[in-house]
Amino acid sequence: MASVDIIIGTVYGSAVLVAETLEEALVKAGHNVTLHEDAELADLDQSHFWLFVTSTTGQGDIPPNLVPLFETLREACPPIPEVRYALVALGDSSYEDFCGAGKKLDEQLQELQAQAVTDRLLVDATETLEPEVPALEWLKGWMEKI
């Protein structure tokens with residue numbers, strides 16, 4: 001099966017819980033999975049599938065642990081059309097910049113010509129107390145594309 005790198009952007013741990021839930025489902029399906037809480041571009045294999053799980057902080061900002069990777073992607077990364085990815089964004093729709101970090105990251109990956117295999121998932125904390133539940137359903141809907 002495929003090798004999957006799950007790249008996590010987290011502040012309070014919700015994204016880690018979602019990532020671990022998705023990891024478990026991917027491993028059960030036979031995939032080789034590595035979690036990255038402090039990912040740098042040099043740590044990521046472009047032949048692997050990249051699965052991003054990120055919360056949003058402040059005014060739609062990227063979580064601090066994901067900022068170095070985001071800045072490298074924005075400032076120093078050549079096009080990466082061979083990268084296939086999917087993205088889960090966690091947020092709260094009562095804030096103006098709902099899921100801003102995930103949206104910014106997705107836009108940057110698109111600018112670099114990375115290939116999204118499905119639409120990004122926006123999980124609203126005002127609608128669900130367990131973000132891993134909709135994330136797992138979302139994964140099951142497209143996991144065969146990995």
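Predicted model: local features only at pLDDT ≥ 70, side-chain atom pairs only at ≥ 80, totals over all residues.

User: How is the packing of two helices described?

Analyst: Two packed helices are described by the angle between their axes and the distance between the axes. Axes are lines fitted to C-alpha atoms, for helices over the stretch in contact, with angles from 0 to 180 degrees between N-to-C directions. Helices (H or I, at least four residues) and strands (E, at least two) are DSSP runs, numbered from the N terminus. Here, H1 and helix H4 (residues 132–142) pack at about 35°, their axes 9 Å apart.

User: Which residues make the contact of H1 and H4?

Analyst: With contact meaning heavy atoms within 4.5 Å, H1 contributes Leu17, Val18, Thr21, Leu22, Ala25 and Leu26, and H4 contributes Glu132, Ala135, Leu136 and Leu139. These divide into 8 nonpolar, 1 polar and 1 charged (Ala, Val, Leu, Ile, Met, Phe, Trp, Tyr, Cys and Pro count as nonpolar, Asp, Glu, Lys and Arg as charged, the others, Gly among them, as polar).

User: What do H2 and H3 show?

Analyst: The axes of helix H2 (residues 67–75) and helix H3 (residues 100–111) come within 10 Å and cross at roughly 35°. Phe70, Leu73 and Arg74 in H2 meet Lys104, Leu105, Gln108 and Leu109 in H3. This contact comprises 4 nonpolar, 1 polar and 2 charged residues.

User: How are aromatic pairs read, and how many are there?

Analyst: Rings of Phe, Tyr and Trp (its six-membered ring) pair if their centres lie within 6.5 Å; planes under 30 degrees apart count as stacked, over 60 as edge-to-face and the rest as tilted. The count comes to 4 aromatic pairs. Among them, Phe52 and Tyr85 are edge-to-face, at 6.4 Å centre to centre and 85° between the planes. Because Phe52 lies in strand S3 (residues 49–54) and Tyr85 in strand S4, the pair ties together parts 33 residues apart in sequence.

Conventions:
Residues numbered from 1 in each chain as written. Heavy atoms only, no water.
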